Amino acid sequence: MTSSAAAGDRVPTRTRPHPRTRIAHLGLGAFHRAHQAWYTELVQRENPGDWGIESFTGRSPAQAEILAAQDGVFTLVVRAASGDTFERVESIVRASDGNDGARWRARLADPDTAILSLTITEAGYRRGPDGTLNLTDPDVAADIEFLRATGKPESDRGCVSAPGRIVDGLRARRDADAGPIAILSCDNLADNGAVTRAVVLDLATRVDPALAAWIRDNVSFVSSMVDRITPATTDADRREVAEHTGLADAAVIVTEPFAEWIIAGDFPAGRPAWEHAGVRFVNEIEPHERRKLWLLNAGHSLLAYAGLARGHRTVDAAFADPELAERLETLWAEAAEVLPQGGPEIDAARAALRERFANPRIQHHLAQIALGGAHKLPPRIFDVVRARRAAGLDLGTSAIPIVEEWIAYLRRADTPDAESAPLGAGIEVGSLGVEDVLGILAPDLREVLGLQAIES
């Protein structure tokens, strides 16, 4: 086969029977398929039939429609600097439209469902500047009204926000007496299980205090640290799969060889033996989260905003820029001084990141990384400043340039209009200064960092 056209109508098909569906997932995107679905696939190959996934989309049904046409099966391209390998992933049993409220409630009400996992991005938790559930968010407000008005919805309508959908699904589970469940967050937020618990319980309490009490007694909120670079798939990637496999796969996912998953929490209804696939289970997640947020994610933000300003398009191109590489090393050194692991583990993590960022074949686009800065900068950049301040160290030199470059990014003509929305209604991006951003995203640091910005 030499082209996608030559592949004809052959699509990826299953080599094993459908596994029993035990996991519901919210956030059917590329990362979920390259990470949680892949780890579960590795377990399934050894013990088929136990832990299938039903994955639900966020807003658009498009990804569900594409994957459903292939019975949930897709090709994962693992792209190393030396070449590609192709893996067939069959762990997703069903791909569903997240807007189908009836289907969503049925999945969560099924006693077989033991885990609800999430990849909804930092913005999906719908938190306000103070970290609590944002009650001024129109979707959150509409979901609360919908849930208050419907004891047992009979229609296909469901909630829009992730916290609303979770509460809707958990209410259906309680009403069905389906037993306990674990909710597993897989997003780049510190202590993401606690974040999920807070927004879900806040919303549930406003809808039905008895439901909130049931959630406290029957739902565990599990934290995890996840790491695998997964760039957007291109037509060229799909053509490559057709050439190498003879399959016309419309659901191709591309990722890097590196993968890491660290989990802390309880699974009252059971879980896959993910440890057999390399997942680490720990008692304390925070040190691992900080390492990833302050090294990889913060490095991505620096390269994205500074790299775009210097005409670069991808991570490897920005990393090859000597000035940006030097700034990245400074950012990592400042973070390393306040990371709890210290020493050899941090040195090894930095060495791995240099190799990953330099991979010229991953083509991780800076424009993709740059989105969502209002949600990403606080845990990636400002938390390092807070930790240095608490440790009696200077504030470091990395934060202010990144904020300045993010503001410049917001002013670019090609920046999506929604990017500045989290800063608040009616804010004119063109008039923003560093102190304005700090006042919104890090008010506790406005005075000290604002002074540093003036001095610089």
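Is Tyr409 buried or exposed? I looked up this residue before anything else, keeping in mind that the model is predicted. Tyr409 has a relative accessible area of 6%, so I put it down as buried, the cut-off being under 20%.

**Around Tyr409.** Tyr409 belongs to helix α16. I listed its contacts, leaving aside neighbours within four places in sequence: Tyr305, Leu308, Ala370, Leu371, Thr415, Pro416 and Glu419. I also checked Tyr409 against Ala367, which is 42 residues away along the chain; their C-alpha atoms are separated by 9.9 Å.

**α15 and α16.** Next I took the helix pair. In general, two packed helices are described by the angle between their axes and the distance between the axes. Helix α15 covers residues 373-390 and helix α16 covers residues 399-410. I noted an angle of about 170 degrees between them, with the axes 10 Å apart. Because angles over 145 degrees count as roughly antiparallel, α15 is roughly antiparallel to α16. The crossing of the two is left-handed. On the α15 side, the residues that meet α16 are Gly373, Ala374, Leu377, Ile381, Phe382 and Val385. On the α16 side, I have Ala399, Ile402, Val403 and Trp406.

**Trp406 and the cores.** Not counting residues up to four places away in sequence, Trp406 touches Gly373, Ala374 and Leu377, among others. The list also includes Tyr305, Glu419, Leu423, Val437 and Leu441. Trp406 turned up again in the largest nonpolar core, which has 57 residues. Trp406 is among the residues with the most contacts inside this core, together with Leu303, Phe357, Phe382 and Leu449. Which helix gives the most to this core? I found α10, with 11 residues. There is also a second, separate core of 35 residues, and its members include Leu108, Leu189, Val200 and Val219.

Helix α10 spans residues 286-309, and His300 is in it. His300 has a relative accessible area of 5%, so I counted this histidine as buried. Beyond its neighbours within four places in sequence, His300 is in contact with Ile229, Val315, Phe357, His364 and Ile369. Phe357 is also one of the residues with the most contacts in the largest core. I then went back to Val282, in the loop between β11 (280-281) and α10. Val282 touches Ile262, Ile263, Ala264 and His288, with residues up to four places away not counted. For Val282 and Ala264, 18 residues apart along the chain, I have a C-alpha separation of 5.2 Å.

**α9.** Which residues of helix α9 are buried? In this helix, residues 235-245, I noted Asp237, Glu240, Val241 and Ala242. Their cover includes β3 (74-80), β4 (83-89) and β9 (253-255).

**Cysteines.** How many disulfides does the structure hold? I found zero. Cys159 has a relative accessible area of 3% and is buried. Cys186, at 2% relative accessibility, also counts as buried.

Notes
Residues numbered from 1 in each chain as written. Predicted model: local features only at pLDDT ≥ 70, side-chain atom pairs only at ≥ 80, totals over all residues. Heavy atoms only, no water. Helix = DSSP H or I, 4+ residues; strand = E, 2+ residues; numbered from the N terminus. Buried < 20%, exposed > 50% of the residue type's maximum accessible area, 1.4 Å probe, protein only. Contact = heavy atoms within 4.5 Å. Core = buried A, V, L, I, M, F, W, Y, C linked by side-chain atoms within 4.5 Å. Disulfide = S-S within 2.5 Å. Axes fitted to C-alpha atoms, helices over the stretch in contact; angles between N-to-C directions. Parallel < 35°, antiparallel > 145°, perpendicular 65-115°, else oblique. Left-handed = near helix turned anticlockwise from the far one by under 90°.
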